[in-house]
Amino acid sequence: MGEREAKTQRATAQLLTPAIWGIGIALGCVLAWPLMAFQSMNLYAGFDNREAILDQTYLLSIVATCATLAACGLFHKSFDRILGSVLARWVFPAGMAIGTLLILGAGAPGAAGTAFAVGFGLTTGVFTGLFLMNFGAVIGMLSIRQSAAAIAIGYLLSSVLFFAFLFFGQLEATLMCASMGPVAAVFLFYGVSDLKMDKRQVNSLPTQTDPDDADKRQLHSLILAFGLTMLVAGASYELSRTLYVQMGHFAAGTVTPYAVAQGAVTTLTAVGSIGVALVLITSRGIKGPEVVYRLITTFLLIGALLLPVPLLFPEVPAFVPLSIDVAAFQCLGMGMWILVAGLCRRYQTSCLFAFGIIRAAWAAGPLVGMLVGRWLWYGVGLDVQGAFTAAATCVLLIVLVNNFVFTERSLALALSIMPTDRKQRFQDRCRAVIERYGLTEREGEVMIMFAKGRNLPYVQEELCLSKSTVSTHRQHIYQKLGVHSSQEMIDLIQEEKG
């Protein structure tokens, strides 16, 4: 074995630790839950009005999830106090499990069945959103390589779990779906504890605050780009997926075609997600990530353009284009998770705000797509002309994303703020110095800028401070650190253990 191969194996072993596996498995369970609950008929198989129940519960659950995530993001300072508590660790996933079990009563006649269905939708929506916020905090503390590894594990596992889930009967499927929250809680607690990221320990998430004026525009710009991208792309994807499922009669017919499609998705996602993760965490420029992003959106376009094919050529099974569509969106989602992880790491004091708002928009996209798809299929009646119209709509949405929402400039900006290992070590050392010597928040910002080699006019403009104020801050920093020059300050930071 060569020296390079040995070095790669050692780096992989250091990255794929049991803790990262635990966090990845936890994420996989959380990502698998909505697939199990709303992308198959397994939970509703024994009900006469299963289609209506699925539509009702999905609508209630996704609206509740969006509202919960948005509220957690907007009130991130208050929600920050809950993280690390028994409530966040165990009550939220337990609420997911109990809410899921309510679906067993949704087939009851009259008001009782309606009450169970409404309880299932609202309860799971609220608790899923609350529990998902834990991952916003976790990826805000992991290195970008650790986040990418955990996210890749999560996406692969969610596809495998959903594939196995498709072969279960109603009771077994309900129990498996209900177990996802508690199982995720156990693995997440293990991973967080093993990495010593507990809120009560030293390496806790910084107190959540509103972003400073200097960073606010950049942060808000990226939140808008990420959120709108997943909102629009999610609507396009779910519109296509809903129509493909109905064309193939997967909802009411045999599970085999859907299982075959899911098996293909699992394979394609395995290859694609690993490739996306490697490009994003190893690329030193914009070219590689840009090519990957264009490839993903191209496959989304292909999946949308193939919408009329099952109607024009009945011998072509709908699960073929469905596999392309789902795999492309899964890879887009995994890439976006990594970019969001970089955003949360960069803006740790606002990571819950960013994560909550982005995930709320992310969840809203499939809801819009599903509603339009159901309306086309059941309300209007889908013919070849309607399929072409739906395909053109999806293509238009994807083109809008590429050219106006998440452009090359947005991607470059997102990559520029993603902390590399070198940047993270520097930031960790700076935080350690700030804590050790008792610098104020503003003094810490000034220190970091001077340590990066910025001059006084740059710091003055970026922080919107007067020249005398910046000079005073620098003087106080030197006094607290016991240094007399910028070089001595940099040397002190470099010697600090992050």
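# Exercises on a predicted helical model

The protein chain has an accessible surface of about 21,400 Å², and carbon and sulfur atoms hold 63% of it. The model is predicted. Its protein chain has 21 helices and zero strands.

## Exercise 1

Solution. 

Step 1. Locate the residue. Asparagine 134 lies in helix H6, which covers residues 110–139.

Step 2. Apply the cut-off. Buried means under 20% relative accessible area.

Step 3. List the contacts. With neighbours within four places in sequence left aside, asparagine 134 touches Leu83, Ala88 and Leu188.

Step 4. The side chain of asparagine 134 comes to 3.4 Å from the backbone oxygen of alanine 88.

Step 5. Compare sequence and space. Isoleucine 82 is 52 residues away from asparagine 134 along the chain, while 9.8 Å separates their C-alpha atoms.

## Exercise 2

Find which residues make the nonpolar surface patch of about 630 Å², and classify leucine 87.

Solution. 

Step 1. Name the members. The patch consists of Val86, Leu87, Trp90, Val91, Val183, Val186, Phe187 and Phe189.

Step 2. Assign them to elements. Helix H5 (86–101) and helix H8 (170–194) are the elements that each give two or more residues to the patch.

Step 3. Take one member. Leucine 87 is placed in helix H5. Its relative accessible area is 38%, and leucine 87 is therefore partly exposed.

## Exercise 3

Describe the largest nonpolar core and the contacts of phenylalanine 135.

Solution. 

Step 1. Give the size. The largest nonpolar core has 132 residues.

Step 2. Name the residues with the most contacts inside the core. They are Tyr44, Phe135, Phe226, Trp337, Leu339 and Leu343.

Step 3. Find the main contributor. Helix H13 (residues 319–346) supplies the largest share of this core, 15 residues.

Step 4. Separate the other core. A further core of 22 residues lies apart from the largest one, with Cys430, Ala451, Met489 and Leu492 among its members.

Step 5. Follow one residue. Beyond its neighbours within four places in sequence, phenylalanine 135 is in contact with Ile23, Ala26, Leu27, Val30, Leu188, Trp337 and Phe355.

## Exercise 4

State what share of the residues is buried, and what share of contacts joins residues 24 or more positions apart.

Solution. 

Step 1. Of the 498 residues in the protein chain, 53% are buried.

Step 2. Among contacts with a separation of 6 or more, 83% are between residues 24 or more positions apart.

Conventions
Residues numbered from 1 in each chain as written. Predicted model: local features only at pLDDT ≥ 70, side-chain atom pairs only at ≥ 80, totals over all residues. Heavy atoms only, no water. Helix = DSSP H or I, 4+ residues; strand = E, 2+ residues; numbered from the N terminus. Contact = heavy atoms within 4.5 Å. Polar contact = N/O pair within 3.5 Å; in protein donor to acceptor, adjacent residues only side chain to side chain. Buried < 20%, exposed > 50% of the residue type's maximum accessible area, 1.4 Å probe, protein only. Areas by Shrake-Rupley, 256 points an atom, 1.4 Å probe, with all protein chains shown as cover. Patch = residues over 30% accessible without salt bridge, like charges linked within 9 Å, V, L, I, M, F, W, Y side chains within 5 Å. Salt bridge = Lys/Arg side-chain N within 4 Å of Asp/Glu carboxyl O. Core = buried A, V, L, I, M, F, W, Y, C linked by side-chain atoms within 4.5 Å.
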